[in-house]
Amino acid sequence: MRYTFFSPGIKSKFIFIKKLVFCLCKLYQINILLLFLLFFIATPSFSQVYLRQTIRGTVTERQTGSPLPGAIVILSGTNPLIGTSTDSNGVFKLNKVPVGKYQLNVTFLGYAPYLSEVFSVNSGKETMMTIELNEMVYTSKEIEVKAFYKKNESINKMATVSIRSFNTDETNRYAGSYGDPARMAANFAGVTSGIDNRNDIIVRGNSPMGLQWRIDGMEIPNPNHFAAVGTTGGPVTVINDNLLTNSDFLTGAFPAQFGNTIAGIFDMKMRTGNNEKQEYWGQIGWNGLELGAEGPFSKKSGATYIMAYRYSLLDIVNSLGMKLTVVPKYQDLNFKLIFPTKKAGTFQVVGIGGLSYIELYDSKKKQGSWTFPAHGEDLSNGSDIGTLGVSNICFLTKTLRLNTNLYVVGSRVYTRIDTFSIASPELTLWAGENSSEWKYSFSTQIVKKFSVKNTIESGLYLDWYHMHFTDSIRVGRSFHDNTNFTGDMQLIRAYTQWQHRFSDFFTMTGGIYYQHLTLNNSMSLEPRFGFDWIFDQRHSLNFGAGLYSQMQPRVIYFVQAQLPDGSYEQSNRSLGFTRSGQVAGGYNYLLSQYLRFKLEAYYQYLYSIPVKASIPPYSLINQGHEFFVDRQYSDSLVNQGTGENYGLELTFERFFNGKYFYLLTASLFNSTYNAFDNINRSTSFNGNYVLNAIGGYEFRIGKRKLGILSIGLRATWAGGDPYIPFNVDETIATGRPVPYWQHAFNSRYPEYKRVSVRFGIKRNRKNLTMEFMLDLQYRTNYTNIYLQRIDVLSGQVYNYFKMGFFPMGTWRIQF
């Protein structure tokens, strides 16, 4: 081992520079993240001739997940060749692998060969992998199946179309993603984002309310800080990408195991902690100050843990004396515990939770900084979410697997808005909310592989909801109670699906899904069908179709309508499901091992959408991408609306191969609806087109090429979203914002353009890896309007713009 030390004189100069920069940062309040970049560069370095690490993992059967003992695992590109075979539990281990980029080549008699994606081996952390092999229908020598890396192959075995797998490296590699899976997914074809300071996912013109979040088989609520009731997005994610492993994102035509959603599904998986050694990491950046750890409880039992905790960076900075105008306070915890047993299978405990709170007080600002010239608002908002689940995976036989989940989900949102003016400087309560939900869920799935050709999966979901919704708003001299409900309801669901492999190149799936809501006895029976046809080693066609339904955001069922005598009634309790018929077809062309072209077309017909007779242009389909779900106009709804989404999506992608990658996507679509008046209009999400270009390149640096310098670029060009203008006269007359319904969605915001650049540097040292990333985002400065508000006193409309130039940095250490 060779060390390179700085001389005492040079070393003292570095110490002096660090102290000087600390003083300057404190004096001028420079972003503290810049300090880490200086430390990264200025810290005296040492290098080793060789840095090595361990690669470990398991090889399992794709359909059932059962281990495959005796599989051959080879590390491609090594000389001399590094390889091993799996033990009786399907486990393999490669020791003393030099730091660098690699691919694993895995073979097993009777199974299609597997080539992994390119992955990094870093000195600060062992590399853990799970590999699934697909049994071949025909094993004749005349049929040769080559090992290609197939990014288009999903984790889900039953999905045939409109699905994209992703890994955590992509959430860190894509410029502008901030380690957030939702922001990363905005680069995929068919996906658009809403507001820049939120991570709402708009899939094929559908409302973000139609998105379903899942983690390790559990359906979870909005997994974001500062979340609102009925929404699925927010400004900061609660999910820690450092705990995720390869996962799926589905954009339509789902298989039968998924239900109660019509737009998209984030089906995420948490990785298992290291079962042989303790490992740690620390990180500071956009998502906060983070500390994480993983390792074995006991090496003999195989029990492991992995966990990470984050706290708001701005709150820490504010507490240290750098007083900020607005301080978002939030913290979150993610963890997963694994407990293997000899006879009862494997038990796991998964938990995520987050707390958040913010105050936006005009009363603490000068008059020129108020929300409106003559009056202002004091807003305080908080949200809490949590999920805790216990699951069991048990192999009753080698071809029969039973999965069981029992989990509880809780969420709470509380908001208070006070107003004041020059004429009335004292704070006056204008609106408030205190809502909470609990969901207790049980689910079980059984998977049976009857033969290499036939696999059947069936499942049951039981959800029990306990809800408390309370919110009100001042109307004149009194308050109108939008909701005031406490009670329970249940959702019962079941499905069965069958996969038949006619050959190694043609697979068909079919299934049926059922759900029943006890609140009003709404029911739905939904057939699903799909196929995947590989008609050449590099060419394939896929197809999917089915019926889908989703219950309304639960708060909508209990919105109150005020009667002439002043009393209230819950006028939406009888609402049925929103329904959708979907069909999608795609063509994939693997030009080379790392280069893919994909074309996909789809059509969706939506019906039974809640609309309102007294406001003919109103439709619930247009809500879901703000910090609230409107309840002022959401009473007295009926399931008489319809809608259409259709489009064409193109993807041209070069997978990362150790040096560079790029992803080009184009989405051309149309999203319209018919409300109670049966007039065809654009939805609020009908931007018509989205073009994305993202890429990155990595340079090996240092004498031993142990460091990595990376640069990434992302560009987005999207059509402007339609919106409803304000009725100025009615607003002034009533003293509250009134939409101009007669002109609903005739106007559009300007088209949206954004450029993001990412710079990163990674250095490997003995048992230590450090990484710094800097994102620079430019949104054509202040030209992108995302929100309009009206002054109820003057009728003046104010435009709020998307953020212009905005730098963000992240520093991470693993050891």
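What volume does the largest cavity have? The answer comes with the first view, after a word on the model. This is a predicted model, in which local features need pLDDT of at least 70 and side-chain atom pairs count only at pLDDT 80 or more, while totals for chains, interfaces and linings use all residues. Residues are numbered from 1 along each chain as its sequence is written, and side-chain values use heavy atoms, with hydrogens and water left out.

**View 1. The largest cavity and its lining.** Its volume is about 640 Å³, taken as the space filled by probe spheres set on grid points joined across faces, edges and corners. A cavity here is a set of points on a 1 Å grid over the protein atoms alone where a 1.4 Å probe fits but cannot get out, and lining residues have an atom within 4 Å of a point. Of the 34 lining residues, look for Ile220, Pro221, Asn222, Thr231 and Arg554 nearest the centre. Strand β26 gives the largest share of the lining, five residues; strands are DSSP runs (E, at least two residues), numbered from the N terminus. By class, 17 lining residues are nonpolar, twelve polar and five charged (Ala, Val, Leu, Ile, Met, Phe, Trp, Tyr, Cys and Pro count as nonpolar, Asp, Glu, Lys and Arg as charged, and the others, Gly among them, as polar).

**View 2. Asparagine 692 in strand β39 (residues 689-701).** With a relative accessible area of 6%, asparagine 692 is buried (under 20%; 1.4 Å probe, protein chains only). Its side chain makes a polar contact of 2.8 Å with the side chain of threonine 716 (N or O atoms within 3.5 Å, one able to donate a hydrogen and the other to accept it). Leaving out residues up to four places away in sequence, asparagine 692 also touches others, including Ala186, Asn187 and Arg714 (heavy atoms within 4.5 Å).

**View 3. Two aromatic pairs, phenylalanine 249 with phenylalanine 266 and tyrosine 723 with tyrosine 749.** The model has 34 aromatic pairs (Phe, Tyr or Trp rings, the six-membered one for Trp, with centres within 6.5 Å; planes under 30 degrees apart are stacked, over 60 edge-to-face, the rest tilted). Phenylalanine 249 and phenylalanine 266 are tilted, at 4.6 Å centre to centre and 45° between the planes. They sit 17 residues apart, in strands β17 and β18, and both are buried. The planes of tyrosine 723 and tyrosine 749 lie at 15°, with ring centres 4.3 Å apart, so this pair is stacked.

Technical notes:
On a 1 Å grid over the protein atoms alone, a cavity is a set of points where a 1.4 Å probe fits but cannot get out, and a pocket is an open set with protein on both sides within 12 Å along at least five of seven lines; lining residues have an atom within 4 Å of a point. Helices (H or I, at least four residues) and strands (E, at least two) are DSSP runs, numbered from the N terminus. Buried means under 20% relative accessible area, exposed over 50%, partly exposed in between (1.4 Å probe, protein chains only).
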